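Work through the exercises below with the coordinates open. Each task is followed by a stepwise solution.

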Amino acid sequence: TLRKPISQSSMADWASKNLNMHTQGIFRRRISISNMLSWNGGSIKKPMLITSNRTIKKEACEMFKLVQSYMGDRQTRMDRNHVALVTVTKCWSMQGLRDELYIQLIRQTTDNTCYRSLAWGWELMAISLAFFSPSPKFQSYLEGYIYRHLDSDEKIAQHIKELVDLKNKKITKSRKKRKQNTEDEGLPISTYAKYCYRKLQKVAVTGGKKGLRKPTVEEITHARNAILTPSLFGSSLEEIMLRQQSMYPGNKLPWVQTQLSQQVLALGGEQTEGIFRIPGDIDEVNALKLQVDQWKIPNNLSDPNIPASLLKLWYRELEEPVIPQQFYKECINNYENPDAAVAVVQLLPELNRLVLCYLIHFLQIFAQPSNVGRTKMDVNNLAMVMAPNCLRCQSDDPRIIFENTRKEMSFLRMLIVHLDTSFIKGLV
């Protein structure tokens, strides 16, 4: 569900307090907020947002040129992939530049009379949200801006037409016209906006790209493709099954779930100390995630902690948890009752029930005494590391979260010990 973000008057108030007001002309007159937040074909001499950091001040002006280059409003020798890579890497490495990039994109996608440039500006915003979130201070402003474009295609087309007509009346023959383009070059703006809105909600909670390895061109391409082709991570179970229908029509379980689980076992995960507790190298996990999203499993994996970490991430990032929210209370209330806990599983939607049973069947392998001796991960440890990936507490109260965490673990432990999952063997 889309919650209604801050009002336009609140956004204007935020802008008046945080924009670094620019000046123009020999008398250095201050530019109005509406002009500060409208498409600009020239360069800027200082950042859009107030900052005292000298490095940010210098980098912000250079970044504005990169934004213009990506959108096709400034000539460059670099291809657009490389422009996006340089831009994203700057902001990924320098946290202070992130809000600046988002406000620059807001400016360049406002009152922009070239549809292609407008679409590419939104595309760069979508790509950026795959790597980093805005600061909490700026998030509600960006959310409000994106929200206003969720269903605005007709308005945008009309607005561009009005702006073009107005400019054509004002422009003199001697002045060079900017190439106008009102044709649909790119996706409808609402498609970008809807993607950005969902991505912003997720990245604000989970954070952006982690690890020490800088962004790569492959990751940029993947982020762009995800606008139209949803990732296997962060989607709903139904979406994932729909996507794999053409490739694996007979599969009753998500390909990503079964493949990563089998990789953990193939690499001897059930004999590896600290499996699921010790995280795999984050950069290698990121690289594997990229390949899995292209339906590939590399054959050069050697550390079972890599697929194990990615598997946990897949469960954790599902749009709705494996155990849907409406069953959460029943799970918490029956954390000590084996029969009631097993009964909850039978109430789940069929797809969720199968996915959960596959997970429990998988964990039961690790819970066998012969394996626990090696992994040092008994049923309590397994429940502790996996429960947060299956159940999500909606409360903001730290006491309730703390109390429910214990109950979530106990509920999952009940399932590992008591749930009959023998039927899973016939499914895979």
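**Exercise 1. Helix H1**

Which residues are buried in helix H1 (residues 8-18)?

Solution. First, the ground rules. This is a predicted model, in which local features need pLDDT of at least 70, side-chain atom pairs count only at pLDDT 80 or more, and totals for chains, interfaces and linings use all residues. Residues are numbered from 1 along each chain as its sequence is written, and side-chain values use heavy atoms, with hydrogens and water left out.

Step 1. Helices (H or I, at least four residues) are DSSP runs, numbered from the N terminus. Buried means under 20% relative accessible area, exposed over 50%, and partly exposed in between (1.4 Å probe, protein chains only).

Step 2. Apply them. Met11, Trp14, Ala15 and Asn18 are buried in H1.

Step 3. Check the geometry. These residues span an arc of only 100 degrees around the axis, so they sit on the same side of H1. The arc is taken from the directions from the helix axis to the C-beta atoms. An α-helix has 3.6 residues a turn, so residues three or four places apart point the same way.

Step 4. Look at both sides. Ser9 and Lys17 are exposed on the other side of H1. The buried residues pack against helix H2 (33-36) and helix H7 (136-147); contact means heavy atoms within 4.5 Å.

**Exercise 2. Helix H16**

Find what covers the buried residues of H16.

Step 1. List the residues. In helix H16 (residues 338-347), Ala340, Ala341, Val344 and Val345 are buried. Their arc is only 150 degrees around the axis, which puts them on the same side of H16.

Step 2. Name the cover. It includes H15, helix H17 (350-366) and helix H20 (398-418).

Step 3. Inspect the start of H16. There, a side-chain oxygen of asparagine 337 comes within 3.2 Å of the backbone nitrogen of aspartate 339.

**Exercise 3. Salt bridges**

How many salt bridges does a search of the whole structure find?

Step 1. The search finds 14.

Step 2. Take lysine 202 and glutamate 319, which form a salt bridge at 3.8 Å, N to O. Lysine 202 lies in helix H9 (residues 189-206) and glutamate 319 in the loop between helix H14 (305-317) and helix H15 (328-333), so the pair ties together parts 117 residues apart in sequence. Lysine 202 is partly exposed, at 27% relative accessibility. Glutamate 319 is also partly exposed, at 37%.

Step 3. Arg198, Lys202, Glu239 and Glu319 are linked in a network of salt bridges.

Step 4. Take lysine 289 and glutamate 317, at 3.7 Å, N to O.

Step 5. Take arginine 399 and aspartate 397, with their closest N and O atoms 3.3 Å apart. Arginine 399 is exposed, at 66% relative accessibility. Aspartate 397 is partly exposed, at 24%.

**Exercise 4. Cysteines**

Step 1. Cysteine 61 is buried, at 12% relative accessibility.

Step 2. Cysteine 357 is buried, at 1% relative accessibility.

Key. A salt bridge is a side-chain nitrogen of Lys or Arg within 4 Å of a carboxyl oxygen of Asp or Glu. Helices (H or I, at least four residues) and strands (E, at least two) are DSSP runs, numbered from the N terminus. A polar contact is a pair of N or O atoms within 3.5 Å; within protein, one must be able to donate a hydrogen and the other to accept it, and residues adjacent in sequence count only if both atoms are side-chain atoms.
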